Each structure stands twice: as structure tokens, then as C-alpha cells.
Amino acid sequence: MLEIRDVRVVYPNGTEALKSVSMTIESNEVVAIIGRSGAGKSTLLRCINGMQAVTSGSIKLDGQEVTTMSTRERRELNRQVGFIWQEYNLVGRLSANMNVLTGRLGYNRGILNSLGYFSSEQREIAMQSLDRVGMLHRAKFRADRLSGGEKQRVNIARAISQQPKLLLADEPVASLDPELSWTVMSDLSRIAREEGVPTLINIHEVELAKSFTDRLIGIAQGHVVFDGTPEELNQQAMDKIYRFDKEEREAAIASSNNQDIETINEVELESV
Amino acid sequence: MLTQNKKQKVKQEELVQIRKDILRPFPKLSPRSLVTAIIVIALLGWSIDGTEASPQELARGIPTLVDFVIRLMPPEFEYAPGTETAMHIPSFETRSISVVDKADRARKASDSDIANLSQDQTLIYVLRLTGSSDSQIITPEEAQQYLPFGIEPATAEEVVMASEAIEAARAEADAAGEVMDFDGARVFYALRETPEDSITIIRRDQAVDYNADDVDLLVPYLVDNGYELVVEEVEGEEVVMVQFFVHTLNPYIAEAGQEIVLDGFDESVMIVQEGQQSIYTVPYYPGERVFAKRYILERGEILFGYPVILDSIIETAQIAIIGTLFSILLSIPFGLLAARNTTPHPIVYQVVRLFLNLVRSIPTLIYALIMVSAVGLGPFAGVLAIVVGSVGGLGRLFAESFEQVDPNQVAAVRATGAGGVQTFNFAVLPQAFPLLTTYTLITFEGNVRDSAILGIVGAGGVGFIIQKYASLFQLQRLMGAVIILAIMTTIIDRFSAYIRNRII
């Protein structure tokens with residue numbers, strides 16, 4: 001379904017965000033990508049969606065090469081790939097329903113569309129998407145009047161209304177409180193399984209990832225360092241993903257000798 | 001338990017209603033929005049009608065405009081001594097092609113006429129009809145009768161001078177290979193307004209703009225009656241002759257009580273009553289209707305009242321409305337090209353920015369002067385001046401609005417596979433809308449003030465009347481007009497503040 005081979009991304013400022021990442025995602029898999037901030041998780045998702053140019057390597061979606069697409073092909077790709085944003089990025093002045101309908105724009109071109117016309121077929125799909133995430137009663141609310149959790153659900157509805165082949169979620173619950181994170185994640189994984197859409201979720205909270213996904217992929221320093229089921233994720237694997245530079249840091253701290261090693265570690269972990 | 005069920009039922013009904021609403025292919029139109037739309041359309045239609053804004057008018061004006069712009073080039077920055085004489089007969093400059101042949105015949109007629117003049121006679125007026133060999137000379141005393149108050153007859157030397165200038169213009173046109181058409185031209189006049197003025201020769205078909213039919217009607221009269229105007233008697237009714245002097249000196253005969261539409265500019269009125277004539281120089285507003293009888297009854301003085309001021313104030317508002325409308329239509333593409341995040345290329349961005357800045361740096365009144373020469377006097381010239389005068393500022397403000405848009409929301413819509421236009425419609429426009437409205441309304445308020453002054457150069461609106469009152473020392477009327485203008489401006493400002501609050 002999705003094949004990523006030796007993807008390397010170097011930003012124009014010289015930062016090497018991904019060194020060599022390879023993975024294969026089968027259809028109907030819900031996969032969590034975990035890793036420290038700056039590990040390259042977001043970059044990877046943006047590469048799959050064509051929003052970030054790849055320096056080398058290949059990404060194949062359904063056998064189609066993503067990295068060398070023309071603008072027109074990329075538009076087609078964008079239509080087939082639903083993207084769920086951390087900061088929701090709903091158009092604030094449009095209603096929730098209209099925001100979900102924007103997910104149908106790729107299917108609905110033409111002059112009438114500029115006047116806000118969507119065929120009843122398109123509207124039906126949008127309505128069902130809203131219903132799926134339980135936001136139908138907020139359909140006519142302006143998006144900027146919704147609460148964080150509601151916005152994220154509408155965001156999910158927008159992505160699934162695209163009837164995507166692949167769902168990408170970039171930190172979908174990072175801006176939500178723990179309780180909401182839990183419900184939104186469960187909704188997201190439930191819908192992904194019901195739709196049978198392979199889903200990649202970038203996520204910080206390992207517990208959430210373990211509870212709601214079939215497979216975890218750990219990225220550190222631009223490489224895949226872990227790939228397995230939630231049960232396989234043991235302390236050693238966690239250390240590889242999150243504390244790969246433990247000795248280095250301990251040495252640095254020992255040399256400065258001013259601060260308690262454990263507090264530093266805690267601070268670091270929190271920021272992760 | 002029961003209440004809970006009830007609550008759930010209400011919720012279910014609500015959901016059914018929402019479902020119904022959002023499944024409608026087009027958003028539901030409330031009666032209120034329909035009424036608003038109808039009012040807006042009616043207002044725009046009324047304004048377009050009032051300002052005579054039409055594509056034909058514009059199409060007709062464009063060649064003149066291009067010609068005007070070409071004449072502006074190259075710009076001259078130094079004062080050249082000796083150019084005054086050339087400047088002295090500007091009418092030939094601008095009218096050379098149409099005047100030439102007519103004037104040529106005039107010269108031929110004049111030559112013999114001038115030769116036959118006795119020493120103490122002065123040639124003041126030459127009138128000739130095409131198709132007849134008659135050319136008649138009248139004395140200053142006779143001519144004075146036809147000349148507006150304050151206008152002196154031309155001297156023989158001036159006629160000769162004018163003829164020479166015409167000859168030169170004709171030779172120039174011949175050399176340039178111009179073909180000239182003289183059909184329909186019959187009467188021409190030579191006259192001057194003040195001793196300092198040059199002679200102006202105007203062909204009859206150029207006078208068409210003023211009162212072509214009247215000229216046709218009157219000329220046989222003049223000929224048959226030895227150039228004397230006849231006051232007719234019609235069934236006991238007092239008959240009045242109202243004489244209009246435009247530059248063409250075409251008198252108009254009106255019956256008492258007849259409605260006359262004054263369509264000229266800088267007209268004077270002469271009222272002849274029972275052989276006695278009195279001349280009133282009054283400002284007219286083009287399109288004003290006067291009743292011959294009324295003025296005689298009211299001591300011959302023409303009342304120039306508030307209805308006219310109101311009309312012109314309304315026209316001022318109409319100019320501002322239509323000018324702003326077209327300005328918006330132009331500013332959206334300019335704004336898109338001049339916004340960093342929507343421009344197709346940085347070079348386009350720089351060029352459009354520069355262009356908008358240049359356009360903005362010239363005051364609206366200057367544009368009005370240009371437009372008056374392009375499409376003629378009247379409110380349509382004012383509309384064009386307002387459009388060009390405000391598009392520089394509004395285009396830039398629109399660009400700023402587009403730049404304020406949250407790029408993440410735009411990226412999110414683009415990431416659904418939307419095309420460029422769709423992304424603009426569903427991500428950029430909704431976000432920029434409040435700012436666009438605010439800037440448009442502010443520009444509109446400015447345009448109302450601008451359009452009030454355009455009349456000074458003849459581009460319609462209340463400025464024309466204010467200027468006339470000021471130059472005639474009709475200061476109380478001037479004050480009246482200014483107060484009405486202030487009231488209108490305040491009302492419009494209030495109204496736009498109301499809309500702004502509603503939208504944001």
C-alpha cells in the first residue's frame with residue numbers, strides 16, 4: 001500500500017531531518033509514529049503528502065511514485081490522502097459543515113462551486129462524515145466558535161469526507177487535554193478501522209499510541225529504530241527511541257556539575 | 001426519565017432539521033438577505049443610470065483617452081518663451097481636422113466680404129449657408145443683438161488671422177493625407193468672448209452637442225428676417241424668446257410655459273419680452289429644466305433652488321457608489337497579484353506594487369481632468385476618475401488583507417486537493433472578508449468626499465454648483481449646498497459604520 005524506501009530530507013538550511021527512513025504500511029493498518037520532538041515525524045508525513053520535497057529516496061502510494069509528481073498529480077494525491085492537523089486549521093469564518101465540505105473540493109470543480117454549490121451527493125458524504133465524529137449538532141456553528149475537541153473532530157470529518165486511501169494525522173491530540181485526547185484518539189482509530197483506511201498517526205503520548213494502534217514505529221535521529229506491535233515496545237526500545245543520547249547528556253551534566261541529573265532527565269522527558 | 005426522553009426527542013428533531021438544512025445544494029436564503037440583495041441591486045442600477053456609466057460610453061471615450069495620453073508625451077519640464085502665440089489658438093490644435101474645410105469656405109466668403117468693407121466698418125460676424133452663395137455682413141450694432149452679454153465682436157484682422165491659422169491647419173492635414181468629410185456642416189461662426197481671446201471658429205455640427213435642431217430651426221429665420229429675431233404671438237399667449245448662448249451662439253425660441261432642458265455648459269439666458277431684452281447670466285446645471293413662463297413672472301430672475309442642489313448631491317453619491325463598485329472589481333485581481341502569499345511570481349508582485357503606488361500618487365482631481373477630456377463632461381467622467389483614483393489605494397489595502405490570512409488554514413484546504421481558485425474561495429476569501437469590507441467602506445467614504453469636488457472640473461456632482469455659486473458670490477446658496485453635502489456625507493459615514501459593525 002505505502003512503501004517508503006531510504007527517504008532522506010535535507011532542509012535548505014542544512015538540517016538533515018530524515019537520514020534514511022524505510023517502512024511499508026499495509027492496508028487497514030493503524031500505525032503510530034513515535035519519537036522525540038524534532039525526530040522528523042512531521043517531516044515524514046509531509047513528504048508522504050507531497051508538501052515536503054524529498055532529497056533522495058522513494059515513496060510509493062499504491063505503486064505510484066509520490067516524490068516526482070507534477071503539480072496536477074500532486075493535487076490528485078492530496079485528494080486521496082486525508083491530513084489531520086495538530087492545530088486543526090479549520091477555516092474559522094466558515095461553518096463546520098462548510099469546512100467538512102472543503103474536503104470534497106477535489107471532487108467538485110466548476111464555476112457553480114465558487115458560489116458555494118455542492119451537489120446533494122457531496123453534501124450527503126459531508127453530513128455522514130460529521131455524523132461519524134458526532135458533530136452533526138454543531139454543523140451550522142462557525143468553526144472558530146467550536147471548542148478544541150470539537151474542532152479536532154471536525155478536522156477528522158474533513159479528512160474522512162475526502163474518502164481517502166490514506167489518512168495522515170500530525171499530532172492530532174497534542175493540543176487537547178488528556179481526557180479529550182483519549183476520546184478523540186479512540187474516535188480516530190475506530191473510524192480508520194471502520195473505513196479500512198491505512199492511517200499514520202504522529203503522536204507523543206506512548207500510552208495512547210499503545211492503546212489505539214496496531215503497530216508502532218519509532219524514529220530517532222532520522223532513522224527508524226523500532227518497528228513492532230505495542231506489546232513489543234519494551235523499556236529497551238523506549239530507551240532507543242527517547243534516550244539514545246543518555247550517556248552524552250549525562251556526561252555533559254557531570255561536567256557542568258551544577259544540576260541534578262534526574263531533574264534534567266525529567267525536564268527533557270516532559271518536553272518530549 | 002420522561003423529561004429525558006422528551007429532551008432526546010427534541011434533540012432528534014433538531015438533528016433532522018440540521019440534516020435537512022445542510023443537504024440543501026445551495027445555502028438557504030433568508031427573506032432578509034433577499035430584501036438586502038434586492039435593495040443593493042436597485043441601488044446599483046439606480047446609480048449606474050444616474051451616472052450614465054455604460055460600456056458604449058467608455059468605448060467611445062477610449063480612443064480620445066489614448067489620444068490625450070499620447071498628446072501628454074513627451075513631458076516638458078521647461079518653460080519655452082515664444083510658445084504663447086501658438087497657445088493662443090488652442091481650438092485649432094484640438095479641432096483641426098473637423099474645422100478645416102468649413103473654415104476654408106468661410107475664408108473664401110470672408111475675403112470678398114472683407115474687401116468690400118468700408119473704412120469705418122468693422123467685420124464682426126460672418127454667417128454663411130452651404131449651398132447658397134450668400135454671405136452677409138452685419139454691423140456691430142446688429143451683431144450685438146445676437147452676442148451674449150459681455151462678448152465683443154471680432155475684428156476683421158482677427159478673422160483674417162483665424163483664417164490663416166485654418167489654412168495652415170488644412171495644409172498640415174493635407175500633408176498628412178487626412179480625408180475630410182463635411183456633410184452636414186452648414187453654419188459656422190466667428191466670435192470672440194473678450195478682447196484678449198483668440199477667435200474661435202466652431203462648425204455647426206460641432207454645435208450639435210448643444211442645440212443642433214435649434215440651429216436648423218433658427219437659421220432660416222435669421223436669413224429671412226435680415227438677422228433679426230422675431231418674437232411671435234401665439235393665440236394671445238405671451239410669447240417669450242429665451243436665448244441661450246453657448247460658444248456657438250445658437251438662440252432658442254421658446255413659448256411661454258414651455259419646458260426647456262438646459263443641456264449645455266456655461267450657458268447664459270437672454271429673456272426677450274415685448275421687445276425689451278434683459279440678459280441674466282446664471283449658472284445652470286446640465287439637465288436642469290426651466291419653464292420659460294415662470295422666470296418671467298418671477299421678475300425675470302431665475303431661481304436656482306434646492307431641488308438642483310439635491311439632484312447634484314444625489315449624483316455625487318451615485319458617482320461614489322459606482323466608482324467604488326468598479327474599484328472593488330479591479331482591486332481584487334490587483335490585490336491578489338500584489339500580495340506576497342498569492343502572487344504568481346515575486347517580479348509580478350514588485351511590478352504591481354510599483355504600479356499601484358504610481359496610480360495612487362496622482363490626485364483624483366487630475367484623473368477627473370483627464371477623464372473629462374476622454375468621455376466628455378458629466379458624471380461618467382467622475383465615475384472613471386473615482387475608479388482610477390481609488391484603485392491604487394484599495395488594491396494595496398486588498399493585498400494587505402490577503403497577506404494577513406492564516407497560511408495554515410490555506411495549506412489545510414489546499415491539502416484536500418483543492419485547486420487554486422477553490423483555495424481562494426474557501427480559504428483566503430472567508431478569512432480576508434472582514435478586512436476587505438472594512439477597507440472598502442473606508443475607501444467608499446473617501447470617494448464620497450472626492451466625488452463632491454469633481455464637479456469643479458465638470459465631472460458631475462455637487463462641486464459644479466458649489467464652484468458656480470462661489471464664482472457668482474451667491475454665498476448663502478453656497479453655504480446651503482455645503483451644509484447639504486455635509487449632511488449627506490455624515491449619513492453615509494454612519495451607514496457604512498453600521499455595515500462594518502454588522503459584518504465584523
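**Notebook: core, chain contact and selected elements**

I looked up the largest nonpolar core first: this core has 142 residues, and Leu130(A), Leu168(A), Met371(B) and Ala385(B) have the most contacts inside it. By nonpolar core I mean a set of buried Ala, Val, Leu, Ile, Met, Phe, Trp, Tyr and Cys residues joined through C-beta atoms within 7 Å. Helix H13 (residues 379-403) of chain B gives this core its largest share, 14 residues. Helices (H or I, at least four residues) and strands (E, at least two) are DSSP runs, numbered from the N terminus.

The model is predicted: local features need pLDDT of at least 70, side-chain atom pairs count only at pLDDT 80 or more, and totals for chains, interfaces and linings use all residues. Residues are numbered from 1 along each chain as its sequence is written, while chains are lettered from A and ligands numbered from 1 in the order in which they are written.

**Entry: Leu130(A).** I listed its contacts, leaving out residues up to four places away in sequence: Leu130(A) touches Ala96(A), Asn97(A), Val100(A), Met135(A), Leu136(A), Ala139(A) and Ala157(A). Two residues are in contact if their C-beta atoms, placed from the backbone, lie within 7 Å.

**Entry: chain B.** I recorded 17 helices and 10 strands for chain B. Of its 504 residues, 36% count as buried. Buried requires 20 or more other C-beta atoms within 10 Å of the residue's own, exposed 12 or fewer, and partly exposed lies in between, with C-beta atoms placed from the backbone. Among contacts in chain B with a separation of 6 or more, 68% join residues 24 or more positions apart.

**Entry: chain A against chain B.** I found 35 residues of chain A in contact with 28 residues of chain B. On the chain A side, helix H2 (71-80), helix H3 (96-102), helix H4 (111-114) and helix H5 (120-132) each supply at least two residues. That side has 11 nonpolar, 14 polar and 10 charged residues. In this classification Ala, Val, Leu, Ile, Met, Phe, Trp, Tyr, Cys and Pro are nonpolar, Asp, Glu, Lys and Arg are charged, and the others, Gly among them, are polar.

**Entry: strands of chain A.** I traced strand S3 (residues 30-34) of chain A to strand S9 (residues 215-220) of chain A, a parallel pairing over four bridges. Strands pair if DSSP finds at least two bridges between them. Ile33(A) has Ile217(A) as its bridge partner in S9(A). S9(A) is also joined, antiparallel and by five bridges, to strand S10 (residues 223-228) of chain A. There, Leu216(A) has Gly228(A) as its bridge partner in S10(A). The hairpin of S9(A) and S10(A) has two residues between the strands, and Gln221(A) takes a positive phi near 50°.

**Entry: H15(B) and H17(B).** I noted that the axes of helix H15 (residues 420-454) and helix H17 (residues 475-503) of chain B come within 10 Å and cross at roughly 175°. Axes are lines fitted to C-alpha atoms, for helices over the stretch in contact, and angles run from 0 to 180 degrees between N-to-C directions. H15(B) and H17(B) are therefore roughly antiparallel, a term for angles over 145 degrees. The contact residues include Leu441(B) and Phe444(B) of H15(B) and Leu485(B) and Ile492(B) of H17(B). By class, the residues of this contact divide into nine nonpolar, four polar and four charged.

**Entry: H1(A).** I found helix H1 (residues 41-48) of chain A mostly covered, with six of its eight residues buried. Gly50(A), which follows H1(A), has a positive phi near 80°.

Terms used
Angles under 35 degrees count as roughly parallel, over 145 as roughly antiparallel, 65 to 115 as roughly perpendicular and the rest as oblique.
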